[in-house]
Amino acid sequence: MGIISKEERVVEGSIVFSTIGRCNYAFDVFSLPVRQQQQQGIQASFQHLSLLPPPALSQLEEIRHTSGKSVSYNGHAVERSQWDLVLFQGKGEGSKLIEKPGDDCSELLAYVSEDGGALQIRFVLSGAEGRIGLETSQTNVEWGTSSLALRDKPSVAGGRLVYVSTEEASNSPRESWNAVYSTHLKTRSTTRLTPQGVSDFSPAISPSGKLVAVASNQEHGWQGEIEGLCVDIYVCNAADGTNRRLLVKDGGWPSWANDHTLYFHRQADDGWWSVFKVNLSAEGSDEAERVTPPGLHAFTPAASQTGQWIAVATRRQDSDYRHVEIFDMQRQSFQKITSLINPHVHHYNPFVFPNSDRVGYHRCREVLKPAWTSEDIGDNVESTINTIVPHLEPILSPIPRLALLRIDGAFPAVSPDGCMIAYIAGVGSEGLYAMNLDGTGRRKIYEQSAFGTDWDTVRKGIVYTSLGPAFATEDKTVHIAAVHDADIIDLKPGEKNPSVKILTKPGTQNNAFPSVSPDGKYIVFRSGRSGHKNLFIMDAAEGEAKYLRRLTEGAWTDTMPNWAPNNEWISFCSDREKPGKHVAEGSFAVYYIRPDGTGLHKVIESVGGGKVNHPWFSPDSKSILFTSDIAGVSAEPISVPHQFQPYGDLFVAKADGTELVRLTQNAYEDGTPSWGSKFIAKSELTDQGTRLHSAFSDVNFLNCREVEIPPKRICGWP
C-alpha cells in the first residue's frame, strides 16, 4: 500500500515525469592512453597539431569501463594500494575479499551509476580489454546509508572513500542537501565532513588520504544562480572534517596534484572559464595562479601525479562540443584527445589514472563513425551496449505503491483510468504521442509541435493539448486543441490527424496548459490575450465560442493549472508576488482557487525568489505533486549537460501543503509530472523504446563567441 493518513489519504499510483535530455545521456566511463600517444608520436609536436593526420581508432585504444546500461559517470581510478580495502567484505576479523583481482586486472574504478533507479557509487575491475565481471554483485559495491539519496563524485585514498550525498535533509528551503562524507574502508564507518547548515560540492581527497578539498557555498548560500555557483574552496581533515579552513575564494571542482597543490576552475575576470592553481600554504584568492589561457573555456580539471600536465574539459570557438584535452604546463599548450576520435560527442569530467598513463571521462556510448573514415563500425559494437532508450525508466521511489517513471519525452498526461500516457517527443520537437502505461503501443497522434497535455475525463480517447511553441511570450500564437481518437490513431510518416479541433479563437494569442474538469464539461487554461498570462475557463466540447469565463486577472503570470478530481480546487503556479519579465525571472508559488473564482490562497512556496511549479493533484485530490528548487542544486551546473534550470526535484505533500516528501534526488531538472491512479511495478514495464542518439546539449552559458564578464557582485566577491 501507499501512505495512508488518518484522513484516509492514499498516496499511490504512478507518477510520470520528464527530465529534458536525460534519457539520451547514456553515459559510460571511458579512458584513453596518454603515454602511448606520446610514444607513437601522434602528438609529438603540440604546435603543429592541426597538420597531423588523425590516428586510427585502434591506435588510441579507447576502453569502456562501465556496463553499457543506464547512466554511469564521474569515474575515479583507485590506487593499487587501496584495492584490498575496497574489495574486502565485512568488518574486522573474518573479513574477506569479495573479488580477488586476477592477473588480467589492471585498474579498479569508482564511479556513479543510475542503474536500478538511484544514484549509487560502484566499483569495477578493468583490464586491458575493458570491464571484468562488472555485472556481478561482487564487483558492484554500493555505499551510503540511504538507497534513495544522490551519491556522487567518489574518490579513494589513505584507506578512505570520500563522496557527496543528499542523504540528510537540510533545515531550510533552497538550501542544498549536499554534504560530503568519508567512509573508512576497513571498518565501513562513515563520518559527515560538512558542517550542518552548509552545502559542499565536488569533493576530492588528497593523494595521502589526509585532506579533503570541497567547493562550498558556506559564506554565500545558494542565491538561485544557475550557471557558475557562488562557491569557495575549503580544505579539512579527511577523517572527521576538523581543521576546516577557507583556502581560496571563487573556485570549484578541486583536484589535487599532491598534498600541497590544488587545481580548480573559476570564470576569470575576462569571462573565460579557466583553471587556476593554489598552494595550501597560501590563503586568499590573491594567491591563486591562472594556469590555462583565455580564448577558450577550460574547466573541471584533473591533475596528473607528474606535476607536468593536467587534463581538462574544454569548449573551443570552432566546436559546439565539450572535449577532453591535456594542458602541458611546461609548453603552455593543449593536446587534443577526444576530439580526434569522437568529434561530435560531448565528453565530461576527466580524471587521471594513478600512473598518469591514462585519462578517463564519460560520454554518451552511442557509436559514431570516426571523423576520418566513412566506414560503418556498427557491426563491431559490443552486444552488451544498450543502444535502446526505453520509453519509460523506473526510478526508485521513497513511497511504496507509488511508481516513479521518467518518460523519454515531455509534458506527459496519464489518462483518467490510469492506463495510457499522452506526451510530446520533447520541447522543441514535433509530434504528440500516446502509449500504454507499460511502455507498449507507442504511436503518433499529432504530427506538429505541441505541449501541455491532458485527457478528457469523460469522453474516451480525447487528448487536449497546446499547439505552438512552448514557453513563448504572451503575443505568440498558441491554440488549445482537442485531438480525437488518441486511443486508436497511429499516424504514418507524412500523415495528418483529421480529427483535431481548435477550441480557442483566432487572435487570442498564447493559450496553453489545458486541464479538464471532473465532469468533462469545462477546460481551465492560461492565456496571454490580455497582455499577461492569466487563467480562463471555456467549454470543453465547443471551446470559447460557446463559453468563456476569466478566472484570474493581474499583471503577472498564472500558469500550469490542474483541476482537482473532486472538483473542489484548481491548482496553478504564479509569480504574482514577485513578477518577472519572463518565466525564468519570476518567483513562483502554488496557489489554489475554486472553479467559481473564490477562495484564492497560496499553498506552497519556496523562499528568496524560489520556484514551485508544475502542480498536479493526486487521484484522490488529497495530495499535491509539484517540482521545486526547495532542495537547491545538487552539483556544479558546469559538470552536467544543459538543463533549463539545474535544479528541480519532485515533491509530494498533503493538499494543504504540509508533510513534504522529496521524491527525486539528482543533478537534473525533473518536471511536468502527471499522477495516474494505477500502480505499475518495475517488472511490468517493457524495454520497448527508440534508438539511442546523443541528442542533448551542453550548458548554454559556455558561449565562446560572446563571452560575458561574470557578475561576481551577487556572491560578494570583489
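I began at S31, which stands opposite I63 in β5. Strands here are DSSP runs of E with at least two residues, numbered from the N terminus. The model is predicted: local features need pLDDT of at least 70, side-chain atom pairs count only at pLDDT 80 or more, and totals for chains, interfaces and linings use all residues. Residues are numbered from 1 along each chain as its sequence is written, and side-chain values use heavy atoms, without hydrogens and water.

**Pairing of β4**

I noted that β4 and β5 (residues 63-64) run antiparallel and are joined by two bridges. Strands count as paired if DSSP finds at least two bridges between them. I then found β4 paired with β29 (residues 358-364), also in the antiparallel sense, over seven bridges. Within β29, H362 is the bridge partner of V29.

**Cover of β4**

I looked up the cover of the strand: seven of the seven residues of β4 are buried. Buried means under 20% relative accessible area, exposed over 50%, and partly exposed in between (1.4 Å probe, protein chains only). In a regular strand the side chains alternate between the two faces of the sheet. From β4, F27, V29, S31 and P33 point one way, and D28, F30 and L32 the other way.

I located I20 in the loop between β3 (13-19) and β4 (27-33). I20 is partly exposed, because its relative accessible area is 31%.

**Nonpolar core**

Of its 39 residues, I15, I445, L663 and W675 touch the most other members. Strand β36 (residues 443-455) gives the largest share, five residues.

Definitions and conventions: Helix = DSSP H or I, 4+ residues; strand = E, 2+ residues; numbered from the N terminus. Core = buried A, V, L, I, M, F, W, Y, C linked by side-chain atoms within 4.5 Å.
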